[in-house]
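Subject: Structure handover

Hello,

My notes on it follow below.

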Amino acid sequence: MKKLIFISLSFLSLNLTYAQKSPNKVEKDTTKLDEVIVVAQRKLSNYRQEKTLSSIDTYLEKANKITMIKRGNYAWEPSLNNMVSDRLNVTIDGIQIFGACTDKMDPITSYVDVSNLEQVNINSGQEGTENGHCVGGGIDLQIAPSKFYDSGLKTSIDLGYETNGNFRVAGIDMEYSGNKFYINTDVIFRKSDNYDAGGNNEVLYSQFQKYNISFQGGYKLSNNQVLEANIIYDKATDVGYPALPMDVSLAEALITSITHNYKNDSTKIKSLETKLYFNTITHIMDDSKRPIVPIRMDMPGWSDTYGFYSKATLKENKHNISVNINGFYNRSLAEMTMYPNDPNQPEMFMYTWPDIRTLYSGIYINDRIALNDKETISGTIRFGFHRNKIAKQVGLESLQIFHPNISDTQNRSLISLSSSYILKKDNFDATFGLGYGQRAPSVSEGYGFFLFNSFDNYDYIGDPNLKNEKVIELNAKTNFKFKKLNLGIESSFFYLSDYIIGEIDESISPMTIGANGVRLYSALNHATIFDVYLNASYKFSKKLSINSSIGYNYGKGSNKENLPLIKPFSYLAELSYGNQKFNAALQIEGNGNQSQYSSFYGEDETSAYTIINLNLGNAFHINSNKLVLKYGIENILDKKYSTYADWNNIPRQGRNFYMNASYVIF
């Protein structure tokens, strides 16, 4: 007998699928973070979430250890364990993809929509090295596999409107599932005007519009083998960045892959997944819509990546082994052209990323050993070879002005290791882990040339000879489960050697008009980052519950200066009620005063704030179809506030009324 199950392809879009009912299957609450060791697998139910048409950025921000760095109302940069994208490994279904913007205005997460995705795996620290090296962790945005349910054609239509910013969103999803053939295509469009901060204060240059189109096809070669193809096309235009001196006229990505899947439970090799992929990004910054600028500039960038991976899972006695052999080749090129106000002066041109070619190949092994029915130990290792080459001779010569001894090629060996111990009992579980890892400098850190950072108002220059950044990590987590009450605590500590950060060089004059000076990327001897979170939930009944979380974070360098972008004391509480046809939630969230800010790196103090949100939802059956309505009020008190993660203190949205509708036709 078949059973209808609500499973969200994303935080945003409603997707209903048919699955075979299993008598021993326990369905989890898909609205909460499901963590295994230090892995968070976020898989959401559209009906229970506050906005079915929210963005991937809002979705990610629900995780305890993730904060989204905001430079505008679009394309927020994820930070995990108080470490931004340079220290993370962010992938799309295991695909390596690299932004084309020197100012981080196009994080990888901006080139997908939740309509493309099934779930997001958030892996803290060295547990995040399955797809590549990192020190802070990994985020993998996973695409749903093909579904051969023989359920025929299904269509869903999504519409949404929000009063703040006059935000409009519309999407359509069409899916056909047969015995051997599967096809899915979806289109979603988003458009927003300038939003208002608290007190009806308009935030200029916060508008954006984008559309996303995806296609997925699958063919079942046999009972054990499936061939799949995926294409995602994402295009954003007229994107304003109120925290920055420039906007974006175009951010465009084409992401393609072809995958062969093999599964057989009767053999030692349980599964084998091999993927070939290609993606290309074009990103164009300009200031043509800014009325007054010191000098007009265009800053286009391009990033092309070719790659593969082959993942296998094996089982032998108590050993559950995962292996990933992967590699990629990336080309990153960025330019800057300056147009003087005096027409008699010539244009000025330079490469800000001088056509950097990166070649990587590596192997990852994870062995999970069940000691008994309550205890498990696991260990991971990743080896990798990383090579950078400067393809533009003029770019090499420009960098040699500041680093005379560099060559056009830099080879590196990288290693990552981790281990963990997991204890699970009926009303108690605990996890202890440790790890060691390395990462290569990013393209900007190694090869950037006069990259302006509006956060501290300095130009930055890279250093190809930087050492690998290294980390030693300790983490622990425990949960206590009572009849109606759950309590949990989790904590991580990172000791980072050769911590890459910009240091002021007063002997160099800045290129940007009005900049404070120049920082050369260099390395502190070490830095430390620590976080701890307390989580609690209480069920008054099957329908009524309360959840809460508080967190504390700390970061300091060996120069005795606070590290930038370290989250202050934070808290969240939610009272929720839900049944089959109606749900409601009242949320209170906020941060304490950011007293340990880093003035040395351009940060200033951010005041404490508290905001209140109300979310409501209804589900209706119309014949054999289903309609889901989500509506509510965000920032009910119209609080004017900024958080530590808001670039140059741009204010957050004020009061916002929203309504989303999802209609599924079978």
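A residue is called buried when its relative accessible area is under 20%, exposed when over 50%, and partly exposed in between (1.4 Å probe, protein chains only). K275 is buried, with a relative accessible area of 1%.

This is a predicted model, in which local features need pLDDT of at least 70 and side-chain atom pairs count only at pLDDT 80 or more, while totals for chains, interfaces and linings use all residues. Residues are numbered from 1 along each chain as its sequence is written, and side-chain values use heavy atoms, with hydrogens and water left out.

Salt bridges

A salt bridge here is a side-chain nitrogen of Lys or Arg within 4 Å of a carboxyl oxygen of Asp or Glu. The count comes to 26 salt bridges.

K275 pairs with D93, with the closest N and O atoms 3.3 Å apart. D93 sits in the loop between β7 and β8, K275 in strand β19 (residues 269–286), and the two are 182 residues apart. Helices (H or I, at least four residues) and strands (E, at least two) are DSSP runs, numbered from the N terminus. D93 is buried as well, at 15%.

R87 forms a salt bridge with E469, and their closest N and O atoms are 2.8 Å apart. This pair links distant parts of the chain, 382 residues apart: R87 is in the loop between β6 and β7, E469 in strand β28. R87 has 6% relative accessibility and counts as buried. E469 is buried too, at 0%.

D247 bridges to R290, with 2.7 Å between the closest N and O atoms. D247 lies in strand β18 and R290 in the loop between β19 and β20, so the pair ties together parts 43 residues apart in sequence. Both D247 and R290 are buried. Salt bridges with shared partners also join R71, E77, D86 and K104 into one network.

Helix α2

Helix α2 covers residues 393–400, and G395, L396, S398 and L399 in it are buried. Down the axis of α2, its buried residues fall within an arc of 160° (taken from the directions from the helix axis to the C-beta atoms). They therefore line one face of the helix. Their cover includes β22, β23, α3 and β27.

Strand β13

In β13 (residues 181–192) the side chains alternate. Y182, N184, D186, I188, R190 and S192 point to one face and are buried.

Two strands pair if DSSP finds at least two bridges between them. β12 and β13 run antiparallel, joined by ten bridges, and form a hairpin with three residues between them. Twelve bridges join β13 to β16, also antiparallel. I188 stands opposite N212 in β16.

Aromatic rings

Rings of Phe, Tyr and Trp (its six-membered ring) pair if their centres lie within 6.5 Å; planes under 30 degrees apart count as stacked, over 60 as edge-to-face and the rest as tilted. There are 18 aromatic pairs. The Y577 and F582 rings have centres 6.4 Å apart and planes at 45°, so this pair is tilted. F600 and Y601 are edge-to-face, at 4.9 Å centre to centre and 90° between the planes. Ring pairs link Y74, F167 and F208 into a cluster.

Best wishes

Note on methods:
Contact = heavy atoms within 4.5 Å.
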